[in-house]
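Dear colleague,

Please find the structure below, handed over for your records. My notes on what was found in it follow directly after.

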Amino acid sequence: FASIFGALAICQAHVVIALRIFAEQLRVALLAFALLLAASAILVPRWNIMGAAVADLLYAALYFVAVEWIIHRSGKRAPAA
């Protein structure tokens, strides 16, 4: 499941580039990475590889949803072409 969100995030990268919202995307990436580190530190010792998979899923889903929200919000501010 995490790889699905990862693949979708690759598509989002093109939209982020087109909208020039790099700074917001970077903040989301840093926040999501911090979540990944914390979730890995908690879940991997308890559940081993399954904990790593859950931590990765949390990271990927949070990143995708947050960037998608930023894209939609930015699209509403953009003037119609």
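**Surface and nonpolar patch**

Leu8 is partly exposed, with a relative accessible area of 36%; the classes used here are buried for under 20%, exposed for over 50% and partly exposed in between, with a 1.4 Å probe and protein chains only. Leu8 belongs to helix α1. Together with Phe1, Ile4 and Leu57, Leu8 makes a nonpolar surface patch of about 410 Å². Such patches are made of residues with over 30% relative accessible area and no salt bridge, nonpolar side chains (Val, Leu, Ile, Met, Phe, Trp, Tyr) being joined within 5 Å and like charges within 9 Å.

Please note that this is a predicted model, in which local features need pLDDT of at least 70 and side-chain atom pairs count only at pLDDT 80 or more, while totals for chains, interfaces and linings use all residues. Residues are numbered from 1 along each chain as its sequence is written, and side-chain values use heavy atoms, with hydrogens and water left out.

**Overall picture**

The protein has two helices and zero strands; these are DSSP runs numbered from the N terminus, helices being H or I of at least four residues and strands E of at least two. Its C-alpha atoms fill a box of roughly 50 × 20 × 15 Å along the principal axes. Of the 81 residues, 25% count as buried. The protein exposes about 5,700 Å², of which carbon and sulfur atoms supply 75%; accessible areas come from the Shrake-Rupley method with a 1.4 Å probe, and for residues only the protein chains shown count as cover.

**Core and contacts**

In soluble globular proteins, nonpolar side chains tend to be buried together. Here the largest nonpolar core has nine residues: Ala9, Val16, Ile21, Val28, Ala32, Tyr63, Val67, Ile70 and Ile71. A core of this kind is a set of buried Ala, Val, Leu, Ile, Met, Phe, Trp, Tyr and Cys residues joined through side-chain atoms within 4.5 Å. Both α1 (2-19) and α2 (22-77) supply at least two residues of this core, and the largest share, six residues, comes from α2.

Leaving aside neighbours within four places in sequence, Tyr63 is in contact (heavy atoms within 4.5 Å) with Ala9, Gln12, Gln25, Val28, Ala29 and Ala32. Gln12, in helix α1, counts as buried at 4% relative accessibility. Not counting residues up to four places away in sequence, Gln12 touches Tyr63, Phe64, Val67, Glu68 and Ile71. A polar atom of the Gln12 side chain lies 3.0 Å from the backbone oxygen of Phe64.

**Salt bridge**

A search of the whole structure finds one salt bridge, defined as a side-chain nitrogen of Lys or Arg within 4 Å of a carboxyl oxygen of Asp or Glu. Arg73 forms a salt bridge with Glu24, and the closest N and O atoms are 2.0 Å apart. Arg73 is partly exposed at 29% relative accessibility, whereas Glu24 is buried, with a relative accessible area of 17%.

**Backbone points to check**

Most residues other than glycine have a negative phi. Arg20, which is not a glycine, has a positive phi of about 55°; Arg20 sits in the loop between α1 and α2 and is exposed, with a relative accessible area of 65%. Asn48 likewise has a positive phi, near 55°. Asn48 is found in helix α2 and is exposed, at 54% relative accessible area.

Yours sincerely

Technical notes:
A polar contact is a pair of N or O atoms within 3.5 Å; within protein, one must be able to donate a hydrogen and the other to accept it, and residues adjacent in sequence count only if both atoms are side-chain atoms.
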